[in-house]
Amino acid sequence: MRDEGELIRRAVDGDMDAVNELIRLKREQVVRVAYQVTGDWEDAIDVSQGVFVRLWKRLHRYDPSRRFDTWLYRITVNAAIDYVRSRGRHLQPLPDEPADLPAHTATRPVGESALDLAALRKAFASLSARLAPKQRMAFVLREVEGLETAEVARIMNVAESTVRNHLLQARRVLRRGLEQEYPGLVPRGSSESGGGES
Amino acid sequence: MSHPDLRPFLEDAELPAAERSRLLEHLQSCPRCRAEVAASDPTRLFTLLGDQPVPAGVLERVSTGAAAAIAVERQRRTIRPWAMGAVAASVLVAGVFGAYLSNRPGVEPPAPIPVKSALSEPKTAAEVSIPAGMIEVLESPGDADVVEMSVGDVQVVMIFDEALEI
């Protein structure tokens with residue numbers, strides 16, 4: 001496997017083969033994050049293509065002493081949020097999910113059935129539209145992408161405490177929405193402990 | 001079935017990537033542990049959305065579209081400096097020619113030369129009238145940069161479009 005640092009250096013020097021290889025290497029990461037923000041694969045493709053053009057234009061500004069992925073995540077999340085804003089709309093439900101179906105009938109209790117990822121995604125697409133851009137950015141990067149808080153802070157260019165605050169606010173908004181509109185995803189009462197052997 | 005200890009996850013501890021991956025894999029298939037997570041904080045279930053595969057064809061469309069868009073940008077970058085250089089050279093030639101005319105003995109100085117640039121307002125080739133036979137329009141897929149200059153009764157129109165061939 002080609003060394004990523006060397007690939008980036010060649011891309012920065014204007015080697016178009018390296019640019020194209022870099023796109024192939026990073027496209028999945030970029031399109032998945034774009035999808036988490038836009039909630040639509042077509043939009044995610046548009047955003048991703050724009051991200052790589054922006055990346056190519058700004059490659060000469062890249063500081064090799066910093067993590068490339070941090071820089072790329074920042075460009076991607078900002079582009080995805082700008083895209084949603086520019087369309088003047090919120091996140092879209094997935095096409096195969098009837099939008100007019102009442103939320104409580106579209107979900108089933110998560111503890112009583114096989115995991116219904118489509119229902120979970122529908123809930124997230126709908127509820128995350130209520131988050132402020134920074135809250136959504138922090139939640140997607142930390143919770144969905146699984147990045148460390150310190151990394152999210154670098155991407156967002158804020159303090160770690162600010163990221164934790166955004167996460168707290170985001171969870172509060174999402175939890176309230178889940179309880180009100182997707183009660184099927186929130187079991188009544190506590191379940192038994194899941195630790196140890198059963 | 002063996003169930004992992006969910007407490008670090010529920011307490012928002014930062015798990016090592018491998019451990020987090022194992023935990024998410026378990027949650028995908030274990031209703032009991034999902035119920036425990038949901039009872040503690042249902043928003044943590046959204047963590048499960050991160051591991052989904054990208055639909056077929058999406059990655060290829062990203063690569064192809066990005067490469068095409070970058071190629072267009074590269075082309076623009078190579079055309080613009082040439083176009084601007086040509087405009088500058090034309091203005092210089094017109095100025096020198098005008099100065100020569102105005103300095104000839106017995107010749108009235110001409111009126112100020114109005115120079116109008118339309119660079120800020122791109123026009124298509126179809127919007128400009130070109131004398132037949134001077135320019136052959138091979139293809140005109142998009143906007144062209146057009147510069148119009150008036151020197152007395154003579155009007156000079158310059159078109160910067162790679163689709164045109166003189």
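Helix α6 of chain A (residues 117-127) is largely enclosed by the rest of the structure, because eight of its 11 residues are buried; buried here means under 20% relative accessible area, with exposed meaning over 50% and partly exposed in between (1.4 Å probe, protein chains only). The buried residues of α6(A) are A:Ala119, A:Leu120, A:Arg121, A:Lys122, A:Ala123, A:Phe124, A:Ala125 and A:Leu127. Helices (H or I, at least four residues) and strands (E, at least two) are DSSP runs, numbered from the N terminus.

The model is predicted, so local features need pLDDT of at least 70 and side-chain atom pairs count only at pLDDT 80 or more, while totals for chains, interfaces and linings use all residues. Residues are numbered from 1 along each chain as its sequence is written, chains are lettered from A and ligands numbered from 1 in the order in which they are written, and side-chain values use heavy atoms, with hydrogens and water left out.

Chain A as a whole has nine helices and zero strands. Of its 198 residues, 52% are buried. Its accessible surface is about 9500 Å², and carbon and sulfur atoms hold 46% of that (Shrake-Rupley method, 1.4 Å probe; for residues, only the protein chains shown count as cover). Among contacts (heavy atoms within 4.5 Å) in chain A with a separation of 6 or more, 64% join residues 24 or more positions apart. A:Thr70, in helix α4 (residues 68-86) of chain A, gives a local view. A:Thr70 is buried, with a relative accessible area of 8%, and beyond its neighbours within four places in sequence it is in contact with A:Glu151, A:Arg154 and A:Ile155.

Next comes the meeting of the two chains. Chain A brings 54 residues to the contact and chain B brings 46. About 4600 Å² is buried between them, 59% of it from carbon and sulfur atoms; buried area is the accessible area (1.4 Å probe) that two parts lose on being put together, summed over both. Eight salt bridges cross the interface of chain B and chain A, each a side-chain nitrogen of Lys or Arg within 4 Å of a carboxyl oxygen of Asp or Glu. One of them joins the side chains of A:Arg142 and B:Glu14 (3.7 Å, N to O). On the side of chain B that touches chain A, the elements giving two or more residues are α2 (17-29), α3 (31-40) and α4 (58-103) of chain B. The most comes from α4(B), with 14 residues.
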